[in-house]
Amino acid sequence: MILAIDIGNTNIVIGCIELEKIYFVERVSTDISKTELEYVVELKTLLDLYQIKIQDITGCIIASVVPPLNNVVKAAAEKLLHISPLLVGPGVKTGLNILMDNPGQLGSDLVVNAVAGLKYYGAPLILIDMGTATTISVVDENRNYIGGMILPGVRVSLESLVNRTSQLPKISLEAPKKVIGKNTVDCMKSGIVMGQASCIDGMIDRIWEELGYQTDIVATGGLAGSIVPYCKKKMIHDNELTLKGLSIIYHKNIE
């Protein structure tokens, strides 16, 4: 069994996986002010919650888009598990062919998602990750990662709207009953949820037009569940995609 950790800007996704079996996937808040010991306690608490024994964990892998936390979380995992975690980055085998101007600039989370997407859903493929930012990745029919796009995330857009206007209230992230809102709150909900869904649908059309063919679509990320149901394009919602990718990359590098 391995412990997989994905450090994002808003949340850290933590899970345990053994071959194809996923024991749990949980999210904790990303906090660069926390110490190594505090992350040890968080990891230990999660393992205890799911009754997983430390001695049953034989490996650990970490992907991160928050460099200040890389060494802190890595040291925390090492202190708790008494094994050296693998950090996804340069020199780590992924098996992914990246056709970008600078492949080294591609975020480790996007690499991990693409690796899992190729194994479980094949190519061509569009991968949508809805977190702090909404990222869209494109894998062509030859299994090459050819690029993508980055959009403001759903919650980032909502917070910006509220913080930069005088009269708009803070609202929960949920869809209204109708697209055409009849009050301020419903108008905001429609703009945020339906607007993001429409944006994703539109981007997919533009990608397909540029590729010259259609693809399968997989969505993941903490906010995907709030948006995917309102997209008109048929897509698979896989909340465990990143964890699966981390497991694949870990085994590529130890075998």
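This report covers a cavity, ring contacts and salt bridges in a predicted model.

## The cavity

The structure holds one cavity of 30 Å³ or more. The volume of the largest cavity is about 30 Å³.

Its lining is made up of I5, I12, I14, V28, Y39, L43 and V73. Two elements, β2 (11-18) and α1 (36-49), each supply at least two residues of that lining. Sorted by class, the lining has seven nonpolar residues, with no polar and no charged ones.

## The aromatic pair

One aromatic pair is present in the structure. The partners are F24 and Y50, and their rings are stacked, at 4.5 Å centre to centre and with 10° between the planes. F24 belongs to strand β3 (residues 21-29), while Y50 is in the loop between α1 and β4 (59-64), so the pair ties together parts that are 26 residues apart in sequence.

F24 has 4% relative accessibility and therefore counts as buried, because the limit for buried is under 20%. Y50, at 32% relative accessibility, counts as partly exposed.

## Charges over rings

For K34 the ring is that of Y39, with the charged end 5.7 Å from the ring centre. Y39 is also one of the residues lining the largest cavity.

For K244 the ring is that of Y120, and here the charged end is 4.9 Å from the centre.

## Salt bridges

Side chains of opposite charge can pair when their charged atoms come close. The structure has seven salt bridges, and three of them are described here.

K119 and E20 meet through their side chains in a salt bridge of 3.7 Å, N to O. E20 counts as exposed, at 55% relative accessibility.

A salt bridge also joins the side chains of K233 and D205, at 2.9 Å, N to O. This pair links distant parts of the chain, 28 residues apart: K233 is in the loop between α6 (224-227) and β11 (236-237), and D205 is in helix α5 (residues 184-211). K233 counts as buried at 19% relative accessibility, whereas D205 is partly exposed, with a relative accessible area of 39%.

The side chains of K244 and D238 form a salt bridge of 2.9 Å, N to O. K244 counts as buried at 15% relative accessibility, and D238 is buried with a relative accessible area of 5%. K244 is also the residue whose charged end sits over the ring of Y120.

Definitions and conventions:
Residues numbered from 1 in each chain as written. Predicted model: local features only at pLDDT ≥ 70, side-chain atom pairs only at ≥ 80, totals over all residues. Heavy atoms only, no water. 1 Å grid on protein atoms, 1.4 Å probe; cavity = no way out; pocket = protein on both sides within 12 Å on 5 of 7 lines; lining within 4 Å. Points joined across faces, edges and corners; volume = space filled by probe spheres on them. Helix = DSSP H or I, 4+ residues; strand = E, 2+ residues; numbered from the N terminus. Nonpolar A, V, L, I, M, F, W, Y, C, P; charged D, E, K, R; others polar. Phe/Tyr/Trp six-rings, centres within 6.5 Å; stacked < 30°, edge-to-face > 60°. Buried < 20%, exposed > 50% of the residue type's maximum accessible area, 1.4 Å probe, protein only. Lys NZ or Arg CZ within 6 Å of the ring centre and 35° of its normal. Salt bridge = Lys/Arg side-chain N within 4 Å of Asp/Glu carboxyl O.
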